[in-house]
Amino acid sequence: MSSNRSAPSPKVYGWCPGALRPMMSGDGLVVRIRAPLGRLSQEQATAIADLSRQYGNGLIDLSARANLQLRGVSPETHGSVIAGLQELGLLDQDVWRESRRNILLTPFWQEGDVSQRIARHLEKALLATEDLQLPGKFGFVVDTGAKPLLQNSAADIRFERSGTDILLVADGAQVGCPVTVETAAEAALDLARWFLDQGGAPTGRGRMQALTARCAPPAGHRAPRSVTAPQPDPGPTECGQLVALEFGQISANAFAGLARIAPLRLTPWRMILIEGARDLASLPGVILDAADPRLRVRACTGAPGCLQALSATRDLARDLAPHVPEGQILHVSGCAKGCAHPGPTPLTLTATSSGTFDLIHHGRASDQPVKETQSANALRAAPQILTKGR
């Protein structure tokens with residue numbers, strides 16, 4: 001990670017929070033829930049809302065890995081949250097199994113289809129294999145619908161459809177290896193072993209993309225990948241209705257309201273798929289309009305909710321959203337880690353201190369700025385600063 005010239009380097013943990021191993025933040029513990037197949041029954045979703053209200057601060061995040069995060073949990077109430085998740089069937093036996101089950105599944109899977117079957121086989125194979133000492137953030141994507149939708153979602157090993165083939169892909173490579181539903185899981189484990197054998201994680205940390213940038217993918221990976229399809233907008237789909245969350249966060253009360261409609265599927269796009277729903281009326285806490293300017297901004301929790309953040313982020317992102325050109329994205333990051341959007345965006349503001357930001361064009365939060373030390377007030381007063389000189 002390169003550093004902004006005027007910002008201190010943030011702390012990198014190298015692992016993601018879970019339920020059994022939560023992460024302390026500025027507003028308490030962050031307790032992450034990895035829902036099997038990314039789906040919650042109405043009973044489970046309602047109970048999660050109750051846990052958030054009773055033992056957290058009533059705020060729930062939806063992560064870029066399609067996991068839920070309860071915020072504001074205290075060390076004293078964490079045990080009660082764990083007991084509640086255990087009753088709901090949403091708790092792993094131990095931290096090892098919890099971290100290993102890092103699989104992102106396309107939210108548009110159908111019962112018994114290729115995507116669901118591969119995801120189930122892969123989860124079972126990962127939990128049965130003890131010789132793989134993978135990095136904490138090492139993840140898998142199962143994206144075998146008609147067209148790839150998750151190529152922009154962070155992962156190390158991918159399953160995608162290319163024509164009639166199912167491809168196993170090492171992240172960062174432009175080619176893959178054809179597999180079948182029956183061979184997919186074992187082939188993924190073999191690719192994970194190749195990653196370790198090639199020195200992908202020499203100190204226990206590392207990502208597949210960095211490895212494929214310096215060496216060719218394994219023999220047999222020659223089939224070209226398909227081009228990714230556009231990220232869907234809020235609205236009706238074949239599986240139900242997609243609703244977006246402002247900055248990927250929703251109140252427990254609003255989440256309980258969604259649960260009253262139908263089972264919920266979690267997506268990596270800060271959207272929730274309400275199974276079978278059509279033509280929803282306006283709902284508190286969710287975005288239904290695909291033209292809503294808030295969909296053009298990405299913002300992390302910011303200060304004081306995140307211990308790494310140097311400034312508040314979301315009020316500024318909300319104020320600047322109407323000034324972001326259509327078809328572009330503004331990323332407002334509390335530090336150089338860029339958790340809300342790890343990839344490059346047309347416009348990025350990275351906090352350097354309370355109320356000040358560096359402006360980056362076509363880059364990541366850690367890249368060199370084109371303008372340094374812009375105050376939040378100046379940006380609000382003259383939002384044309386964002387695009388001037390591009």
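**Pockets, cavities and cores**

Mentor: A pocket here is an open set of points on a 1 Å grid over the protein atoms alone, with protein on both sides within 12 Å along at least five of seven lines, and lining residues have an atom within 4 Å of a point. Keep in mind that this is a predicted model: local features need pLDDT of at least 70, side-chain atom pairs count only at pLDDT 80 or more, and totals for chains, interfaces and linings use all residues. Residues are numbered from 1 along each chain as its sequence is written, and side-chain values use heavy atoms, with hydrogens and water left out.

Trainee: What volume does the second largest pocket have?

Mentor: About 380 Å³. Volume means the space filled by probe spheres set on the grid points, which are joined across faces, edges and corners.

Trainee: And how does its lining divide by class?

Mentor: The lining of that pocket has 7 nonpolar, 6 polar and 3 charged residues. Ala, Val, Leu, Ile, Met, Phe, Trp, Tyr, Cys and Pro count as nonpolar, Asp, Glu, Lys and Arg as charged, and the others, Gly among them, as polar.

Trainee: Which residues lie nearest the centre of the largest cavity?

Mentor: Ala-35, Leu-37, Gly-38, Ile-103 and Leu-104, out of 16 lining residues. Strand β6 (103-105) and helix α4 (114-128) are the elements that give two or more residues to that lining, and β6 has the largest share, with 3. Helices (H or I, at least four residues) and strands (E, at least two) are DSSP runs numbered from the N terminus. By class, the lining of the largest cavity has 9 nonpolar, 3 polar and 4 charged residues.

Trainee: What lines the second largest cavity?

Mentor: Cys-16, Pro-17, Gly-18, Arg-21, Arg-34, Val-95, Glu-98 and Ser-99.

Trainee: Switching topic: is Arg-158 buried or exposed?

Mentor: Arg-158 is buried, with a relative accessible area of 2%; buried means under 20%, exposed over 50%, and partly exposed in between, with a 1.4 Å probe and protein chains only. Arg-158 is in strand β8 (residues 157-162), and its side chain reaches the backbone oxygen of Ser-153 at 2.6 Å.

Trainee: Then what about Arg-294?

Mentor: Arg-294 is partly exposed, at 28% relative accessible area. Arg-294 is in the loop between β16 (271-275) and β17 (297-299). The side chain of Arg-294 makes a polar contact with that of Asp-292 (2.8 Å). A polar contact is a pair of N or O atoms within 3.5 Å; within protein, one must be able to donate a hydrogen and the other to accept it, and residues adjacent in sequence count only if both atoms are side-chain atoms.

Trainee: Last one: which residues touch the most other members of the largest nonpolar core?

Mentor: Leu-40, Ile-48, Leu-68, Leu-70, Phe-255 and Ile-272, in a core of 53 residues. Helix α7 (residues 252-259) gives the most to this core, with 6 residues. A nonpolar core is a set of buried Ala, Val, Leu, Ile, Met, Phe, Trp, Tyr and Cys residues joined through side-chain atoms within 4.5 Å.

Conventions:
On a 1 Å grid over the protein atoms alone, a cavity is a set of points where a 1.4 Å probe fits but cannot get out, and a pocket is an open set with protein on both sides within 12 Å along at least five of seven lines; lining residues have an atom within 4 Å of a point.
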